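Biologist: Could you walk me through reading the helix packing in a model like this one? I would like the general idea and then the case at hand.

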Amino acid sequence: MSRVYNFSAGPAVLPEEVLKEAADEMLDYQGSGMSVMEMSHRSKVYDNIIKEAEQDLRDLLNIPDNYKVLFLQGGASQFFAEVPMNLMKNRKAGYILTGQWAKKAFQEAKIYGEAVELASSADETFSYIPDCSDLPITDDMDYVYICENNTIYGTKYKKLPNTKGRILVSDVSSCFLSEPMDVTNYGVVYGGVQKNIGPAGVVIAIIREDLITDDVLPGTPTMLKWKTQADNDSLYNTPPCYNIYICGKVFKWLKKMGGLSVMKERNEEKAKILYDFLDQSRLFKGTVRKEDRSLMNVPFVTGNEELDAKFVKEAAAAGFVNLKGHRTVGGMRASIYNAMPKAGVEKLVEFMKKFEEENA
Ligand SMILES: *Cc1c(COP(=O)(O)O)cnc(C)c1O
């Protein structure tokens with residue numbers, strides 16, 4: 001067996017310990033005589049798995065009792081529609097456009113009501129986070145929406161926008177559990193787990209209880225109404241059982257590692273190794289304004305498309321895979337999520353140095 005250093009933006013690297021444990025339990029989960037894949041979601045054994053996963057997540061993020069935790073399906077992209085369906089009472093909301101995922105959510109919201117562009121960094125290819133201290137937010141807006149870490153462009157909000165009293169809805173898909181966060185700053189926090197938590201197929205949503213009501217837009221499907229999911233503890237229908245079980249294992253791994261403050265330190269340390277190299281390199285260059293740099297997704301370029309392609313190819317041959325930038329932006333991107341070991345980043349930088357010497 002040989003494992004590569006996988007810099008994929010998602011689905012992405014998972015902790016090796018978790019994968020090994022899952023392999024050990026594949027045929028017989030804790031004496032049940034079956035795999036978690038084969039188990040009824042109504043069984044006592046599975047009930048323990050999903051309840052424990054929720055509790056561990058609550059512990060990691062210090063989630064207050066007045067917030068519900070939901071395990072949902074449909075990916076983050078389906079949630080783009082769930083937000084207006086469940087929250088647009090006045091049919092008006094504000095969106096801050098910091099990249100493709102924010103834009104897609106914005107476009108989806110337009111199907112249901114008036115989605116207002118509050119700010120955008122499109123003028124400089126989304127390479128920065130706009131100033132959000134005094135946005136044109138009005139009292140009739142049902143919420144303000146952000147994408148907190150921009151997976152494709154490599155930016156991250158270091159300070160949350162001033163929402164002028166409106167509730168904040170945040171897509172944290174690619175920074176989920178990478179550092180501590182104060183859930184009470186948000187009405188809704190959600191993310192697809194396939195970036196930093198688990199296998200694709202689960203969305204975790206943390207929603208303030210008073211926002212979960214029967215007062216949803218007409219035509220909202222039963223499954224997409226948060227109240228349906230909350231009233232049934234995410235077991236209204238068959239959930240993605242196995243994937244939630246793996247998420248639960250990752251939560252336990254994070255707790256064992258020391259929790260989210262420790263993860264933040266580790267992630268800062270890893271990102272610094274790469275950014276410090278980029279800042280002094282004669283060949284490679286980071287593409288994001290320094291103060292807005294993501295700890296999770298690090299885009300960079302050589303400035304020469306052919307050289308970029310050569311780098312991606314040679315890196316893959318050396319065991320550093322999935323470094324090609326998103327198809328819409330080109331260049332390279334190294335996603336260095338929680339499960340990427342420091343050694344992976346150090347060795348990548350060594351490889352980049354060598355490539356620079358040979359090609360600069
Ligand atoms: C990947 C990603 C999405 C889309 O996720 P799907 O689960 O594929 O729908 C949305 N938002 C962000 C920030 C992402 O990184």
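Modeller: Happy to! Let's begin with contact, which means heavy atoms within 4.5 Å. Keep in mind that this model is predicted. By that cut-off, E269, K270, I273, L274, F277 and L278 in α7 meet a set of residues in α9, among them V345, L348, V349 and M352.

Biologist: How many residues of that contact are nonpolar, polar or charged?

Modeller: The contact of α7 with α9 divides into 8 nonpolar and 6 charged residues, with no polar ones.

Biologist: And at what angle do α7 and α9 pack?

Modeller: Angles under 35 degrees count as roughly parallel. Helix α7 (residues 260–280) and helix α9 (residues 342–359) pack at about 10 degrees, their axes 9 Å apart, so the two are roughly parallel to each other.

Biologist: Now α6, please: is it largely enclosed or exposed?

Modeller: Buried means under 20% relative accessible area. In α6, 13 of the 17 residues are buried, so the rest of the structure largely encloses this helix. Its length can be checked too: at 1.5 Å a residue, α6 (residues 241–257) should span 24 Å, and its end C-alpha atoms lie 25 Å apart, which agrees. Just after α6, G258 takes a positive phi of about 115 degrees.

Biologist: What does the radius of gyration tell us about the whole chain?

Modeller: With 360 residues, a compact globule would have a radius of gyration near 21 Å, and the chain agrees at 21 Å. The chain has 9 helices and 14 strands, and buried residues make up 57% of its 360 residues.

Key:
Residues are numbered from 1 along each chain as its sequence is written. This is a predicted model: local features need pLDDT of at least 70, side-chain atom pairs count only at pLDDT 80 or more; totals for chains, interfaces and linings use all residues. Side-chain values use heavy atoms; hydrogens and water are left out. Axes are lines fitted to C-alpha atoms, for helices over the stretch in contact, and angles run from 0 to 180 degrees between N-to-C directions. Helices (H or I, at least four residues) and strands (E, at least two) are DSSP runs, numbered from the N terminus. Angles under 35 degrees count as roughly parallel, over 145 as roughly antiparallel, 65 to 115 as roughly perpendicular and the rest as oblique. Ala, Val, Leu, Ile, Met, Phe, Trp, Tyr, Cys and Pro count as nonpolar, Asp, Glu, Lys and Arg as charged, and the others, Gly among them, as polar. The expected span of a helix is 1.5 Å times one less than its number of residues. Buried means under 20% relative accessible area, exposed over 50%, partly exposed in between (1.4 Å probe, protein chains only). The radius of gyration is taken over C-alpha atoms; the globule rule is 2.2 Å times the number of residues to the power 0.38.
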